[in-house]
Structures are given as structure tokens and as C-alpha cells.
Amino acid sequence: MGIFVLGLPFALVQSGYVGLVLLVLSAWVCNHTGSILVACLYEEEQSGGSVSKVRVRHSYQDVVEACCEGLWPNWPGLGGWMVNVSQVIELLMTCTLYLVVSTGLLSDSLSGMAVPRSVCSLVSLMFLLPCLLLTDLRPVSTLSLLCSLAHILISLLVMLYCLSRASSWSWSTLSLSVDPENFLVSVGVIIFSYTSQIFLPPLEGSMEDRGQFNAMLGWTHGAACIMKTLFSLLAVLTWGAETSEVITDNLPSDLRPLVNLCLLAKALLSYPLPFYSAAEILQTCLLGDVPLNSKHVGRGVSRPALLVRTALLMTSYLLALLVPSFSLLMGLTGSVTGAAMTLILPCLFHLRLQWGRLTVRDQLIDVCILSLGVICSVSGVICSVKRLVGAL
């Protein structure tokens, strides 16, 4: 669950009944690709007549480089570079979306004072300056946990309000016939709401009992699917065609300020996780720093590392100023890096590294998801870019 669930009701309005199917199907697909991605970290080894799985890779980049070996001498390095660029882009877009949401919520909360949007964005940036000094995953994980608890509470409040309006619900907004462009942008939004593959290799590596990873992944995707589907459907039934890009904009004036302030705090506290991950990747690639896992103590931030982090923070800030459209930016990110990192690459890795051990059924599933990812990515990018250019 993330703050991007606030854009799902609007995506559901654009995609109709097919969007409900996509919310469920995307959860299953993302759970599957997350599982096979982590499976690519392991190789089978025979020991004493028995076969055991040994973790020989530790990151998304390691998997890419293993897939590229033997294809061309320079491909492993090129493949690792490309996947790092994709990861940084997705994380940067995630940071930008948090800033877009924070700015919008702060602007709405101070609407009576007529504060310019640019000032609200600058205030949000000031709150995020401590991220420059984050060197340990433990405080980041604590903030993420608090954000998750706050988000569940806020979601329940919105859902309870929708249930109180049950007498005025209408199914007329949902339909089987939808505009193709609206639908393709919505697909990117829905996919992006489930993306977590970037975090899965280090997450699985940090677990005390790695054998429970697939069970954890299945339960969390199932719970998120139920929550997101109910949340989106109740909101659409309540507000229909008037559903806003960020659903909290539809709340009544007496409830919206409280919810918006809570969401503002959540958005600002959610920013450190993608920022920390992007900063670690950039520092490793540009400065040769060795990333720390959650079991190591924090370290100081060197001057070069501080410059990299400052550049990352300011880039997300400038993007948030230039592209204020929440749903279109979310759809573009989902179509570009979300589809690639979540649908296309995990299936390619799985087919490349474990083809001989896969059943025909597993091979067909991977090929189908891969094909679907390519179609969604290309068409979604075209539609999202077209609308973003028109909105600027």
C-alpha cells in the first residue's frame, strides 16, 4: 500500500469494469514476477546426492549481468548500467510523485491564505532536507511502518465516509466501453501502484527465514489487492464521474483539511525510502561506495555523496514543479519503468536463467506476461506523453 492508491479511483473511472479486473490481475501478476525475480537469485547445487538452492546473486543488477553473460563481451556491464538507470528513474519518479502530492495537499490546506503553489512546493522541500543525511535503512523502515499505519487509518476513514453515502451510490459511472487513451493511462497507474520489485532482492536477503518469502509476498499482495479494490470501488460509487485525480479532493470541507494534513505527513515521511534507495544506487555507480545493509551501523555522508544526494533531491523538486499532473505522471512512470521492472525484465530473467528447469506452463505464463508488458509499456508511454505535453 502506498499513497498512490489515492489515484486508483480516478483510474477506475477511466477504465470502467475492466479496471476492476485489472486491479486483481495486476496483483497476481506482480506477485508472480516478484517471486520469479527472487528465484533468479538462486542456483541449484548438488551436495551429497541432494539438490539445494544457493543464493549466488544479491541484487537486480547481479541478475541482469548474469543474463547478459555469453551474449556479447560488453553486455554484462551495459545491462547492469541500463537496469541501474531504470531503477533510478523509477525511484526518482516516485520521489517526484510524493512531492507533487505533498504540494497539492499543502496548497489545499492553505487555500484560505492564497499561498502560491510554488511556495507550498518549497516548504515541502524544506521538510525533506534531512533525507540528505540518511545513511541507515533502520530509521527509513521505521518511518515507512508509521506511514503504512497512518495510510490504513486514512483509507478506512475515507471508506467509512463512502459507506455513509451508500444511499446515493450509482453504478452508471462504470461501463464496459471506455476511451482507449484513458484506459491505457489507467493501466500504467494500476501497474505502478503494485510495483515493488526493486526492493525485493535486498528485502529477501535481509529476512531471517528466507523460506517464508513467497508466503509473505502472496499474503501482502492479496491484502493490498482487497484493500485497493474496495477503496477504489467505494470511492467511484460515491462520487462517480466527479472523482478527482487525488480522491481526497472529493471529501467534504469539514473532513478534508484533517485528512489532507495526515496525508501530507504521510507523503513527506514516505519520501525517504525511494530517495535512500536511489541515492545508494547513484553513490555505488558514480562514487564506488559499497551499499550498507540494514544490519550495519550508519556512516557519515562524504562531501561527494552529499553532492549526489543534493542533486537527486533538487531534480525531484524541479520535476514536481514542471509536471504537476499526478495521474499522468503516475501513468507515465508505470508505463515506462514500472512495466519494464515489474513485468518485462523479471520474465526475461526467468526464461533466460532457468529455462531448462521450467515446465511448459511456467514458460507460457512468463511469455504471456512479457508480451502483455511490452504492449502496455509502448501504448501507455505514447498516451501518457501525449497528454503530459498537452497539460504543460
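Tutor: What follows is a set of questions on a predicted model, each settled by a value and a definition.

Student: What makes up the secondary structure of the protein?
Tutor: The protein has 13 helices and two strands. Buried residues account for 50% of its 392 residues. Of the contacts with a separation of 6 or more, 79% join residues 24 or more positions apart.

Student: Why is Ser15 called buried?
Tutor: Buried means under 20% relative accessible area. Ser15 has 0% relative accessibility, so Ser15 counts as buried. Its place is in helix α1.

Student: Which residues is Ser15 in contact with, leaving aside neighbours within four places in sequence?
Tutor: They are Ser175, Val178, Phe183 and Ser186.

Student: Why is Ser124 called buried?
Tutor: Its relative accessible area is 1%. That is under 20%, so Ser124 is buried. Helix α4, residues 117–128, holds Ser124.

Student: What does Ser124 contact beyond its neighbours within four places in sequence?
Tutor: The contacts are with Leu99, Ser102, Thr103, Leu106 and Leu268. Leu268 is one of the buried residues of α9.

Student: How do you know that the span of α9 is close to the expected one?
Tutor: Helix α9, residues 256–270, has 15 residues. From first C-alpha to last, α9 reaches 20 Å.

Student: Which residues of α9 are buried?
Tutor: They are Val259, Asn260, Leu263, Leu264, Lys266, Ala267, Leu268 and Ser270.

Student: Why does spacing matter when reading such a list?
Tutor: An α-helix has 3.6 residues a turn, so residues three or four places apart point the same way.

Student: Why is Ala340 called buried?
Tutor: Ala340 has 19% relative accessibility. The definition asks for under 20%, so Ala340 counts as buried. Ala340 is found in helix α12. Not counting residues up to four places away in sequence, Ala340 touches Tyr60, Leu345 and Pro346. The C-alpha atoms of Ala340 and Gln87 are separated by 9.9 Å, and the two residues are 253 apart along the chain.

Student: Tyr60 belongs to α2. Which residues of that helix are buried?
Tutor: In α2, residues 60–68, the buried ones are Tyr60, Val63, Val64, Ala66, Cys67 and Cys68.

Student: What makes the pairing of Ser59 and Asp62 a polar contact?
Tutor: At the start of α2, a side-chain oxygen of Ser59 comes within 3.2 Å of the backbone nitrogen of Asp62. The cut-off is 3.5 Å, so the pair meets it.

Student: What makes up the lining of the second largest pocket?
Tutor: By class, the lining has six nonpolar, seven polar and six charged residues. Of its 19 residues, Ser35, Ala39, Lys53, Asn214 and Gln354 lie nearest the centre. α1, β1, α8 and α12 each supply at least two lining residues. α1 gives the most, with six. The space in this pocket is about 480 Å³.

Conventions. Residues numbered from 1 in each chain as written. Predicted model: local features only at pLDDT ≥ 70, side-chain atom pairs only at ≥ 80, totals over all residues. Heavy atoms only, no water. Buried < 20%, exposed > 50% of the residue type's maximum accessible area, 1.4 Å probe, protein only. Helix = DSSP H or I, 4+ residues; strand = E, 2+ residues; numbered from the N terminus. Polar contact = N/O pair within 3.5 Å; in protein donor to acceptor, adjacent residues only side chain to side chain. 1 Å grid on protein atoms, 1.4 Å probe; cavity = no way out; pocket = protein on both sides within 12 Å on 5 of 7 lines; lining within 4 Å. Points joined across faces, edges and corners; volume = space filled by probe spheres on them. Nonpolar A, V, L, I, M, F, W, Y, C, P; charged D, E, K, R; others polar. Expected span 1.5 Å × (residues − 1). Contact = heavy atoms within 4.5 Å.
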